[in-house]
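Hi there,

Here is the structure I promised to pass on. Please open it first, and then read my notes below.

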Amino acid sequence: MIPAGASAGGFEFAAHGTRQLGRGGAWAARADDPLALYYNPAMLADLPDSQVLANVHVAFWDACVDRPGTYASAIAAGRTGGANLFDGPSGNEDAWLDDEMPTVCNSGYPQPVPWVLGSIRLLPELGIAFGIIAPSGIGNATWGNTGDRRFGTVDTANGLRPSPVRYGLAQQDVLLAHPSIGVGWRPADFIRIGFTFQWGVANVHFMNFTSAGVGGSPEDPFGDIRTELSVFDWFVPAGILSVHLQPHPNFDIMVSGRISDAIGGATEASGHLNLTTSYFSNDPTWMPTTTRIDNVTLRAGQPWQFQLAMRYADRIRPRSWEGGFEAAMRNVVDDAMYSENFDIELDVVYELNSQVGDFVVNLPSGSSVVAGGTVVPVPAVQPIPHGWGDVLGIRLGGDWNIIPGAVAARAGFHTEIPITQSRYQIQDFLSGYRFGLHVGATFRIERFDISIAYAHIFQLDTTITDGNFRAVSANNSDGVCAGSGTYDPNNPVVDVGCYPQGYGAVTNNGTYTAEFNVLSVGATYHFE
């Protein structure tokens, strides 16, 4: 049972916001619209006026997993334990086991990602902003077919087959939004300090498969159990702190950090779990049976982020603070689109994804399911190992004001370099070397800035040959932890390498491919 989290280098791609996408995400040191709330709240002190911003990305995510081998190589018994949806003609029911495992691709719908924010200049040296910030990522994915008794399957030239990646993920729909408020203050001309508080709201729905381990083979589809988890967490707090320095009128330096609580940390992420036993069975004595278990909780860690940004601007006009207090009181503002010929920025971002170890699903004590008419107990704690690796991001971009104050063009480049590769890689976090090419433009029409942007993000193929993500089966002894059979949250599976109830077969070896196409449009209204 695997939920997805939002994190750069996984489902998330560089750049919240339209102008920011056009610069490859290299915007933290510029930060001159209400999205400074996320990138660099210190610069809320320098926003040129009060503004309202509405932006939306539409992201198209192409991703596939190619798992090597045949079905027979994964089903240890070399045969299935009973009649199932994939059987061939009588006397040759298991002929499909000799098929090569097919490539499985995401068929989820294009993902809209909106931002709605406002900012207010309270004083010449003090500004605030507030609004809704969503992760710049993909929350929806479907791997294989959908429909009654078709989840976890794929259509092939030889007929219907079980999805080779169903134990990792079959479908997910994750909504994570952050109502946010931030403040920026300029105590002196050369320094700004800011802080944003984010009240996260998470709604998680995902589906994958586990195994009853029938016949000693945890990948036998006859014993597959469909697991479908739905949980909601109304409070996932996060905070962003930034310090912005201007040692020279043409040069900016910014450092920031964002830390986040886990989903299910400050408050419970609670909901229900539907378990459907014998999901693929055609045996009349082992037909699919769904059990709903309420009061289920999830705890899923979230990444932290640290950033250094540097920016050079070729200025036409001085900054507002260069004119002194009198100019500030006359509301002489620092509008980069009007005051600069061009700028160029370099951001270095470290994503501390290693905050994400095991996702842990807790069930009420005494939970059980019905399989073949028999009541079977379900473990109260089910850890799902992830072990995400840290990512180093580099973003380079800038604007050229073709007609200062009226038309600006921009371009950017970003790359993400994985520091480590998780042996628990599955489809909910496709890590790997990634780079993107970005372009965009802004047109100022009276008080409105209308912006457009496009990015194509390439990801190099990642091949896992030493995977350790397994189809969990309490009937199998591989990887059983020595000593206590209960889960110890102080020793997550990703650290101790074993599972309290035992492991089944490794299911995440294979080649992972992905790319993004992102379109974005946005508008900003200036009140002054």
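**Nonpolar cores**

The largest nonpolar core has 79 residues, and the members that touch the most others in it are Trp-61, Trp-143, Leu-229 and Leu-298. A second, separate core holds 15 residues, including Tyr-71, Phe-151, Ala-170 and Met-207. A nonpolar core here is a set of buried Ala, Val, Leu, Ile, Met, Phe, Trp, Tyr and Cys residues joined through side-chain atoms within 4.5 Å. Buried means under 20% relative accessible area, exposed means over 50%, and partly exposed is in between (1.4 Å probe, protein chains only). In soluble globular proteins, nonpolar side chains tend to be buried together.

**How to read the model**

This is a predicted model, in which local features need pLDDT of at least 70 and side-chain atom pairs count only at pLDDT 80 or more, while totals for chains, interfaces and linings use all residues. Residues are numbered from 1 along each chain as its sequence is written, and side-chain values use heavy atoms, with hydrogens and water left out.

**The chain as a whole**

The protein chain has 6 helices and 24 strands (DSSP runs numbered from the N terminus: H or I of at least four residues for helices, E of at least two for strands). Its C-alpha atoms fill a box of roughly 90 × 45 × 35 Å along the principal axes.

Of the 528 residues, 58% count as buried. Among contacts between residues at least 6 apart in sequence, 76% join residues at least 24 apart, where contact means heavy atoms within 4.5 Å. The chain carries 28 positive and 52 negative side chains, and the centres of the two sets lie 6 Å apart. For that count, Lys and Arg are positive and Asp and Glu negative, with His and the chain ends not counted; each charge is placed at NZ of Lys, CZ of Arg, CG of Asp or CD of Glu.

Gln-307 lies in strand β14 (residues 304-315) and counts as buried because its relative accessibility is 7%. Beyond its neighbours up to four places away in sequence, Gln-307 touches residues including Ala-28, Tyr-39, Met-254, Asp-347 and Arg-395.

His-178 belongs to strand β8 (residues 171-188) and is buried too, at 6% relative accessibility. Leaving aside neighbours within four places in sequence, its contacts include Gly-131, Gln-198, Trp-199, Val-236 and Arg-258.

Most residues other than glycine have a negative phi. Ser-278 has a positive phi near 55 degrees, and so does Glu-446, near 55 degrees. Ser-278 sits in the loop between β12 (269-277) and β13 (289-299) and is buried at 5% relative accessibility. Glu-446 is in the loop between β22 (434-445) and β23 (448-464), and is exposed, with a relative accessible area of 76%.

**A helix residue**

Tyr-338 lies in helix α5 (residues 336-339) and is partly exposed, at 40% relative accessibility. Not counting residues up to four places away in sequence, Tyr-338 touches Ile-316, Arg-317, Pro-404 and Gly-405. Tyr-338 and Asn-508 are 170 residues apart in sequence, with 52 Å between their C-alpha atoms.

Best wishes
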